[in-house]
Amino acid sequence: MYIAVFMVWLGKYPTWKAIAVAIGVSVALYLMFEFWFQVPLPHGAWFNPLEFVGVN
């Protein structure tokens, strides 16, 4: 969200590009910390975004 706001506000990028970059960065950081650094991140009780690929 923070990235998207500043891309649109200061960088004058189209909104769709800013949202795509914000989602991509969020997913990349989640995967990097969860799998590469193996940092145990807090998971919600009702939703696991990687459950569909068999990661618990």
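1. How are α1 and α2 oriented to each other, roughly parallel or roughly antiparallel? Helix α1 (residues 2-9) and helix α2 (residues 15-36) pack at an angle of about 150°, with axes 8 Å apart, and α1 and α2 are therefore roughly antiparallel to each other. Here angles over 145 degrees count as roughly antiparallel and angles under 35 as roughly parallel, and the axes are lines fitted to C-alpha atoms over the stretch in contact, with angles running from 0 to 180 degrees between N-to-C directions.

2. The contact between the two involves I3, A4, M7 and V8 on the α1 side, and T15, K17, A18, I19, V21, A22 and V25 on the α2 side, where contact means heavy atoms within 4.5 Å.

3. Please keep in mind that this is a predicted model, in which local features need pLDDT of at least 70 and side-chain atom pairs count only at pLDDT 80 or more, while totals for chains, interfaces and linings use all residues. Residues are numbered from 1 along each chain as its sequence is written, and side-chain values use heavy atoms, with hydrogens and water left out.

4. The protein chain holds two helices and zero strands, these being DSSP runs (H or I, at least four residues, for helices; E, at least two, for strands) numbered from the N terminus. Its C-alpha atoms fill a box of roughly 40 × 20 × 15 Å along the principal axes.

Technical notes. Angles under 35 degrees count as roughly parallel, over 145 as roughly antiparallel, 65 to 115 as roughly perpendicular and the rest as oblique.
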